[in-house]
Amino acid sequence: MDPMGSAAAANIPKKPKIYVSKSESDKAHVKDDYDDDAEDLWWTLPQLVLTEIFWLLPVKDILNAGLTCRRWYEIANDDYLWKRKFHRHFKTDPCIALKPGAVSWKSEYERLTFGIPFVQSQCLKGHVHQVLHVSFSHNGEMFSTCSKDGYVIIWNAGHPCTEKYSQNMKKFNWKYTQYSQFNQSDSLLLVSGVHFGSPHSTSGEIAVFTVDGNVESHLRCRVINRPYDIFGTWFSDQYLISGDLHWLAQMVSTSILWLNKANQEVDSEHVPIMNQLYKFYNRNASSVRAIMMAKCPWLDESNDPLITASTSDEILESPSDDIEMSEHSLTVQNSVGNPLSHSASLRRAFHISFDDSTPSTSTASLSLNWSLQRSNDSTIHYLDEYRREFTGDSVSDESVDEEEDEPMDASDEYDEMENSIPKYLIFSTGSKTYTPHQIGIKRIRNITFPKKLDPGPSLKERIAAKKAAEQQNQFRDPDPDWWDYEAVADRFDKVDKVIDLHGHIIGMALSPDHRYLYVNTRPWPKNYIITNPLEPPPIAQEIDIHVIDLMTLKRIGNMLRAHKAYTPSTECFFIFLDVCDDYVASGAEDMHAYLWDRYYGISLAKYKHTDVVNSVAFNPKDNEMLVTTSDDFTIKIWRSRAKAKQMNVDASNNNEAFYLKNSQDK
């Protein structure tokens, strides 16, 4: 009997009993009583102490301990415990709140551990050359791939992925295919490619194929596209945008964007199949490239950022970190990746002498291999307003476009120009040098497509008008001064907003709700002065990701120096990235693709290839499926551990994907 007899002792379930016995049997009974009481003492531990013990356990042990009893189950599911585990494992800022719409910190830990694409379920080898691009249909049932072998292949996205259609574009004098995009109803596929020609040729073409049949795919139309790195995009379900380039003077050109019917089988020669959309002015040998459409249902006259924004360009400078150049040489890969920009040949095409006395920053004195004096941080850093307005997966999508869940029937009655939905035309361009370093944004308003061609004056009327002009000595005006933009501005459409990213733009992608634009750039040296537009600045090997809010047209996040690219500015090619509800992914020249979480901004995983990874794409209906394409001729399908288990995919030998967050938690 305990001599203290205190009130505190009454709360202990059992007290150890002391026995005095000379027999071995009695000693054994004493030992058993001590063991039973030691187990019962776990109930005496305060909740905070027991929670702290659980916090020190590996995740697997926490889950197993939660199966022991009700009290331990409650502690094993304590949200504060999992919040600490989450921040420790993924090394996130503790100030970041739980993602809106998420059930708990435990569910988020599980999503980022078992719900991200990680297991390689297939490696497709349908192409015999470098695979440049991949894109999914809106219903998630198909994806298409483009390659330097000249083929575009449409695949079934179900497991296992199988080839559905293929088209050999070399029969149309194409050198290779470079880009593809499904229309909203998933009935047509836009394919962009490069023509055979001289090394300096910029000629390309767009072809449209049907993909809604069960047997074969049929050609619907072909449209000239120049330069080829405009790529092309869908304007609406049955209309697409292509480009053309005309030189006006030395280093001055105009980019004309054309609106084209996807079905160009017409019964009359008086029915138009294309109409001019915009005509932009280009200086310093630059041009419009990589066009895309953003649907902006939130946009109206009351909240149009173009009305309140300054007409001057917004300069989004690189961070003010000190940058030092290393003495390592740069490895140049001339034959890898997507096609070079058409402007890569402009330095050889133009022979212009500049004043040598002009002060400049010599590119010869700068190494192209940069050593950045900063921590190895591969997190996307957002402004606070981004997470405050983040509404999760389905809320934004439903409010933006309710029709996306149900594929549109092409035969239904609808506004063919989709003027009821506000839109932005987005593209990359430049003004200081020919390499793309600026984002151009144009608000699209009330587009109409003529139903009938205007025949204009007859030949007799034109001859009469010419004679009348000659009699009045009204001759043609002399050619304007194309170098003076102010003098010719009335001949061109104005770009509503230009955002300068101070680096070479090598990739762009929209979030599923079209609210955010993610941009891959390779930054220029800070405060670099460009004196010759045909000699662009050296670019970093590291790729930055910038995030622009299209509601405010301001940058709200960036991620610095996370993945690599090695080619110099004159040979730089597109590295496609993709954005889904939960994640951001991008290719890279370091033979890996990379994955980040959109909300928390953390880097999660990388995926191995044996050559440059050119493109990535998420299944829009399944964020746990990712496709990557590479110069190693392969297409790799990645699925989450949970999906791999459902599909009976063997994940025991998965050595092609790597987690980027190391922790003691298992």
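Author: One definition before we start. UniProt annotations may be inferred rather than shown by experiment, and their positions follow the numbering used here. Also, this is a predicted model.

Reader: Fine. Which residues does the "repeat: WD" annotation cover?
Author: In the UniProt record, an unreviewed entry, it covers residues 124-156 and 606-648.

Reader: How much helix and strand over residues 124-156?
Author: That stretch is 0% helix and 58% strand. Its end C-alpha atoms are 12 Å apart.

Reader: Switching to rings. How many aromatic pairs in the whole structure?
Author: A search finds 25. Take F54 and W72: the ring centres are 5.6 Å apart and the planes meet at 85°, so this pair is edge-to-face.

Reader: Where do F54 and W72 lie?
Author: F54 is in helix α2 and W72 in helix α4, residues 70-76. The pair therefore ties together parts 18 residues apart in sequence.

Reader: Is F54 buried or exposed? And W72?
Author: F54 is buried, with 3% relative accessible area. W72 counts as buried too, at 18%, because the cut-off for buried is under 20%.

Reader: What about F574 and F576?
Author: Their centres are 5.0 Å apart and their planes are at 65°, so that pair is edge-to-face. Both residues are buried.

Reader: Which residues do ring pairs link into a cluster?
Author: W82, F86, F90, W105, Y109, Y599 and Y600.

Reader: Which charged ends sit over rings?
Author: K148 has its charged end over the ring of Y176, 5.7 Å from the centre. K423 does likewise over F235, at 4.0 Å from the ring centre.

Reader: On to salt bridges. How many?
Author: The structure holds 13. One of them joins D244 and R226, with the closest N and O atoms 3.3 Å apart.

Reader: Where do D244 and R226 lie?
Author: D244 is in strand β11, residues 239-249. R226 is in the loop between β9 and β10, so the bridge ties together parts 18 residues apart in sequence. D244 counts as buried at 17% relative accessibility, while R226 counts as partly exposed at 24%.

Reader: And E589 with R522?
Author: The closest N and O atoms in that salt bridge are 3.8 Å apart. E589 lies in the loop between β27 and β28, and R522 in strand β23, so the pair ties together parts 67 residues apart in sequence. E589 is buried at 3% relative accessibility, and R522 is buried at 1%.

Reader: What is the partner of E656?
Author: K636, with the closest N and O atoms 3.1 Å apart. K636 lies in strand β32 and E656 in the loop between α13 and β33, so they tie together parts 20 residues apart in sequence. K636 is buried, at 7% relative accessible area.

Reader: Which residues do shared partners join into one network?
Author: E108, R111 and D597, through salt bridges.

Reader: How far apart are M559 and H381?
Author: They are 178 residues apart in sequence, and 5.9 Å apart in space, C-alpha to C-alpha. M559 sits in strand β25, residues 554-564, and counts as buried at 0% relative accessibility.

Reader: Last topic, the surface. Which residues make the nonpolar patch of about 240 Å²?
Author: W42, V49 and I53. V49 is in helix α2, residues 47-56, and counts as partly exposed at 38% relative accessibility.

Technical notes. Residues are numbered from 1 along each chain as its sequence is written. This is a predicted model: local features need pLDDT of at least 70, side-chain atom pairs count only at pLDDT 80 or more; totals for chains, interfaces and linings use all residues. Side-chain values use heavy atoms; hydrogens and water are left out. Patches are made of residues with over 30% relative accessible area and no salt bridge: like charges are joined within 9 Å, nonpolar side chains (Val, Leu, Ile, Met, Phe, Trp, Tyr) within 5 Å. Accessible areas come from the Shrake-Rupley method with a 1.4 Å probe; for residues, only the protein chains shown count as cover. A salt bridge is a side-chain nitrogen of Lys or Arg within 4 Å of a carboxyl oxygen of Asp or Glu. Helices (H or I, at least four residues) and strands (E, at least two) are DSSP runs, numbered from the N terminus. Buried means under 20% relative accessible area, exposed over 50%, partly exposed in between (1.4 Å probe, protein chains only). Rings of Phe, Tyr and Trp (its six-membered ring) pair if their centres lie within 6.5 Å; planes under 30 degrees apart count as stacked, over 60 as edge-to-face and the rest as tilted. A charge sits over a ring if NZ of Lys or CZ of Arg is within 6 Å of the ring centre and within 35 degrees of the ring normal.
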